[in-house]
Amino acid sequence: MALTASLVIINYTYGIEERIANFSSPWSSLLGFYFLFAFVFIGSYLIQSFIKRTALPADKFFHFLLLITPLMFAAKMSFDFLPSSVMQYLSFPSINYWVTVLHWPVIAALMFLAILLIWKLGKYERPVFGMGRSYSSIFPYLLLLACMIPLLAIAASDEGFQQAYPRIKRIAYIYSIVKDPLLFELLYELAYGSDFFTIELFFRGFMVLAFARYVGMDAILPMAAFYCTIHFGKPLPECITSFFGGLILGAVVVHTRSIWGGLIIHLGIAWLMELAGWIA
């Protein structure tokens, strides 16, 4: 937690995430994000091991997971995986819209395939990292979501929040070329929602359940620290609360062995933030 707090202070003082994102080439960004993510993720495991006076697992596949995990998300942050050949037949501003809308589902599909490959290499049991199990009731998740509404109402008054949300304002240029923008707005929000499937699959399904095989509950804290760093470009309150949200959702996944409850919460918060930003 001290490591994460220190990085948050440094980032919002010197703009680590912004500097890495603005590197001249995606390969430079990949390297920058990899070192940032690896530092906090592997560092968390080392600190946790030192404090608890336990050795990290000696299993080679565990070490492979430690190294490949930051690389996977660094690639997500650095590259545009949409083939230019698909986009070349569209004209501005429609090409901007479709690049934005298709980006998230493409990333979700690629991340799923990558995790599926790792699942097979690691010879994990089914289902694939929490995707096949169901929850007995959605009420606890809806209750947690309801508890977030007052906090979101407070956050919506923040200037930084209003500048960042609603995300849908990024496609305002589409209004000049379509008569009825509602369908395009709904499609955008659905595509935006697919990114949260990617997040839950990666951070809770993969980073918790894959590592829990080796370290049990100790997989939660390094995941939450890593999860916090991907919010470095967001408003500060959102970044801070993401750490504690990661802890809660990580605990939910460990006990339920399912990512679907966490996805309900995460999607609900994301779309409520869109609504709060629009109202504000």
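Visitor: Why is R204 called buried?
Guide: The relative accessible area of R204 is 0%. Buried means under 20%, exposed over 50% and partly exposed in between, with a 1.4 Å probe and protein chains only, so R204 counts as buried. The model is predicted: local features need pLDDT of at least 70, side-chain atom pairs count only at pLDDT 80 or more, and totals for chains, interfaces and linings use all residues. Residues are numbered from 1 along each chain as its sequence is written, and side-chain values use heavy atoms, with hydrogens and water left out.

Visitor: Where is R204 found, and what is R204 in contact with?
Guide: R204 belongs to helix α9 (residues 182–206); helices are DSSP runs of H or I with at least four residues, strands are E runs of at least two, and both are numbered from the N terminus. Contact means heavy atoms within 4.5 Å. Leaving aside neighbours within four places in sequence, the partners of R204 include M223, Y227, L249, V253 and H266.

Visitor: Why does S78 count as buried?
Guide: S78 has 15% relative accessibility, so S78 counts as buried. S78 is found in helix α4. Contacts of S78, leaving aside neighbours within four places in sequence, are P26, S29, L30 and F33.

Visitor: What lies within polar-contact distance of the S78 side chain?
Guide: A polar contact is a pair of N or O atoms within 3.5 Å; within protein, one must be able to donate a hydrogen and the other to accept it, and residues adjacent in sequence count only if both atoms are side-chain atoms. A polar atom of the S78 side chain lies 3.1 Å from the backbone nitrogen of L30. The backbone oxygen of A74 lies 2.7 Å from a polar atom of that S78 side chain.

Visitor: How many disulfides does a search of the whole structure find?
Guide: The search finds 0 disulfides. C228 is in no disulfide, and its nearest cysteine sulfur, that of C239, is 3.8 Å away. C228 is buried, at 1% relative accessible area, and C239 is buried, at 0%.

Visitor: How do you know that the span of α1 agrees with expectation?
Guide: The expected span of a helix is 1.5 Å times one less than its number of residues. For the 13 residues of α1 (residues 2–14) this gives 18 Å, and the end C-alpha atoms are 18 Å apart, so the two agree.

Visitor: Which residues of α1 are buried, and what puts them on the same side?
Guide: The buried residues of α1 are L3, T4, L7, V8 and N11. They cover an arc of only 135° around the axis, so they lie on the same side of α1; the arc is that of the directions from the helix axis to the C-beta atoms. The face turned away from that buried side carries the exposed residues A2, I9, T13 and Y14. Among the elements covering the buried residues are α2 (16–21), α3, α11 (220–229) and α12 (236–256).

Key. Disulfide = S-S within 2.5 Å.
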